[in-house]
Every structure is written in structure tokens, then in C-alpha cells.
Amino acid sequence: MNKQKTRRPELLAPAGNMEKFFTALHFGADAVYLAGKNFGLRAFADNFTLDEIKFCCGYAHEKGKKVYVTVNIFADGRDLEKLPDYISALDNCGADALIVSDAGVMQIAKSVAPRLPLHLSTQANCTNARAAEFWRDAGVSRIVAARECGFDDLVQMAALKNCELEIFVHGAMCMAYSGRCLLSSWLSGRGGNKGECVQACRWEWQVSLTEREHPDKPLFLNEDERGVYIMNSRDLCLMPYLDRALETGAVSLKIEGRMKTAYYVATVTAAYRRALDLLADGGDFAAALPGLMAELSCASHRDSDTGFALGKPEAPGGADGFHQEREYLAHVVEGSRDGRGTRFLLKNRFKAGETIELLTPSGVHAFEATPFLREKTGEIVDTLGIGGEIIRMDVPFATETGDFLRGETRNHRK
């Protein structure tokens, strides 16, 4: 039974490197966000040179897509000296917007690139409509809401005139307020607010309380054999409430994950693309939801909840870590209209006779693997465990460059 149609917002996906950039667009993202080699909050991602950013902007624009560049560190005086030339260069690259959090960075951007739109980073902790109004009046054209906002606050923020609202719908959460944390700086010298967070909150802590007169009798807090995990936030997943997320009025729904794999980007982007199209076309979202949630579980993820969208989130995530229901086996580097002779870059071993799946923008297609050609030697083999090699295999349907092959999980915990 068809339901009422909804509007179709922008689906915004992460791009930590060129492979993830192409993957996000291939699987239906309307826009991507990425960083240059400096001034972004994911310094450990591969990130992009200015030449690569210029290429990405041109490539995306040809396809009617957009590229937003993060310049969202909390800057010090040394950073400010280098920013004017860098922001001017990003403007010349054709970036569609800068994602910023620091008022000084914002001021420089308005001075050297006055026509370049500014999006307020979630790092700036905008949690209410009056704050959003302040930032709009300061020159921001879009607010990326703090991840601590509930749906009611988001509705009020989205109602603000002449300023768009963007919200996170999926990905890792931070135990500190919108990422404002000094733990990494204290323990490793790597500043989380400069893009170098080591995620110290997720280490195996030994946390205890001691009474001054009895230091030899510590009281450990919720400890198991691996430690204490009181700071391990669960991941965010708003897929079950995606219709409510749309009702807030947000123009852009954002997926976290520039440090995640291309396979993760493919899986999550494809699931949200399908869900948003289903809602926009008036399809039966409730009937499709179990399958969509199953798709999200196929990529590496922590236990998830709805964050602050519905109120207080669940207790910390504990020591379970990452798990996934499907293994990334290979991806297509040269597609085929009839599937014959499809070229794959191998990632993990699989065997002829196994049932495997091809993840494509149109959906997931299961088939039985056949013996395949190992290009390096020219031999036909039933299996190969050398990642990075090119193989050719017949697939019983059309394939496209960028599709992903997946199968039974062997190397990760389900």
C-alpha cells in the first residue's frame, strides 16, 4: 500500500579519499563533504590535495552533485596566518560551501571569498533556534545542528527563514558535547579539535572510586574482564525514524564516516538512498524498514540507538566493539553490460560455489560464484586469498564500475 509522498532532501555522504568520493556518488549521494590536507577535523583520513578538490568539484558538478569542504578546526593564531590563501584556493576550486566552526575562520572566509556559502559545523554546538538566528545573521547559510538536539528543537531551527538546516542521521557519536573534548590532547598530545582525535574515550579504562581514608579499597564501576566503558557512546541510527527526521524540515541528511571504509560508505549511502526515494515516492516505508536495517548491519558498525533525537540516549555502548553481517570481498573496477568478464579488485577470499552478493545502486543481487581468472598468472582458480589482485569473473547480470562484492563474514564478528 502506498503512503503519502514526502519531499526529497539532500543525502550528504562522507568522502575521506578519492575512492570514497566516487563510491558515495555511485551509490546515490546528492553531495559529499571532504577535507583538504589541513584545517579539517579528520586529520588521519587520506584527505585531498587542492588539485584533487578541484577535480572532485568539477566531476560532481557534471553530475549535478555538490562538494562541501571542511575547514572546521578551532584555529589558533598560526592557523589564521595560512587560512586566507587556503580559503581563496578552495573558492577557486569550485567548492559549493565551506563547513566552519570558528568565528575567526568565518570572518576570514567572508573577507577573501564573500560569495562562498558557509555552513556552520556541528562542532559549533548550535542547539536552538535563537542560536541559529545569531549564526544566520553572522553570515551562515546553513546550520549543521549539534547532535545533542531532539526532533522538537530541530523543527524550530528549520523554521528559521533564509537559513537551511542539516542534521546527522547515521554514524559515530562523541561522548563529549558535539566533539568538544580535550581527552585526546591530554593523553596523546593530539588535539581532537584540530582533527587528530585518538578516540581515547573508547580505550579500555580502569575507572574506580576511592575514599580518602581507604585508598587500598577502590570501588570499580561496571567493570568486566576487559575494562570499563562508561565513555563509549553508541552509534547513531535514525533509519527507523527517517520519516520524522524529514518532518523536521531539514534540507540535508548527513552520514558520518570519513574514516570508515569505502564499503561502509557504499552500504550506508545505498540504504539511505533507497529509504529516501521510497518515502519521496510514497512507498511503504514500514514494510521496507526491516530490510533496510538488515542492510545497515552488513557494514562494520557498533551497537546503535537514536542518539538525542527522541530524548536521552541509551547507556554507553560497552565493550562489544564493531560487528558486521557481510564481508567485503571485492569491488568492480571494470563493469560489463551482460556481466561476463567483470573485472574485480580482490579484498578478501571467497570460493567458487559460494552464494555471494553484488551491492549496486539498484539493489543487492545474490548469485553463485564461479571459477575465475587470476589476471596476474592467467590461471583459472576456485579461490584466491591475495588481496589487491585483479580477477575476472562472469556475473549473471550487468555490473558497473564501483559495485561491491560481499559474502559470508569470516574476518569480523557478527
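Axes here are lines fitted to C-alpha atoms, for helices over the stretch in contact, and angles run from 0 to 180 degrees between N-to-C directions. The model is a predicted one, where local features need pLDDT of at least 70, side-chain atom pairs count only at pLDDT 80 or more, and totals for chains, interfaces and linings use all residues. Numbering starts from 1 along each chain as its sequence is written, and side-chain values use heavy atoms, with hydrogens and water left out.

**View A. Helix H1 packs with helix H9.** Helices (H or I, at least four residues) and strands (E, at least two) are DSSP runs, numbered from the N terminus. H1 (residues 18-26) meets H9 (residues 262-280) at about 15 degrees, with the axes 9 Å apart. That makes the pair roughly parallel (angles under 35 degrees). On the H1 side, Glu19, Lys20, Thr23 and Ala24 make the contact (heavy atoms within 4.5 Å); H9 brings Ala262, Val265, Ala266 and Thr269.

**View B. Aspartate 235 sits in strand S10.** The strand covers residues 235-237. Leaving aside residues up to four places away in sequence, aspartate 235 touches Gly171, Ala172, Met173, His301, Arg302, Asp303, Ser304 and Asp305.

**View C. Cysteines without a disulfide.** Searching the whole structure turns up zero disulfides (pairs of cysteine sulfur atoms within 2.5 Å). For cysteine 149, the nearest cysteine sulfur is that of cysteine 126, 7.0 Å away. Cysteine 163 also has cysteine 126 as its nearest, at 8.0 Å between sulfurs. Cysteine 149 counts as buried at 5% relative accessibility, and cysteine 163 counts as buried at 9%.

Terms used:
Angles under 35 degrees count as roughly parallel, over 145 as roughly antiparallel, 65 to 115 as roughly perpendicular and the rest as oblique. Buried means under 20% relative accessible area, exposed over 50%, partly exposed in between (1.4 Å probe, protein chains only).
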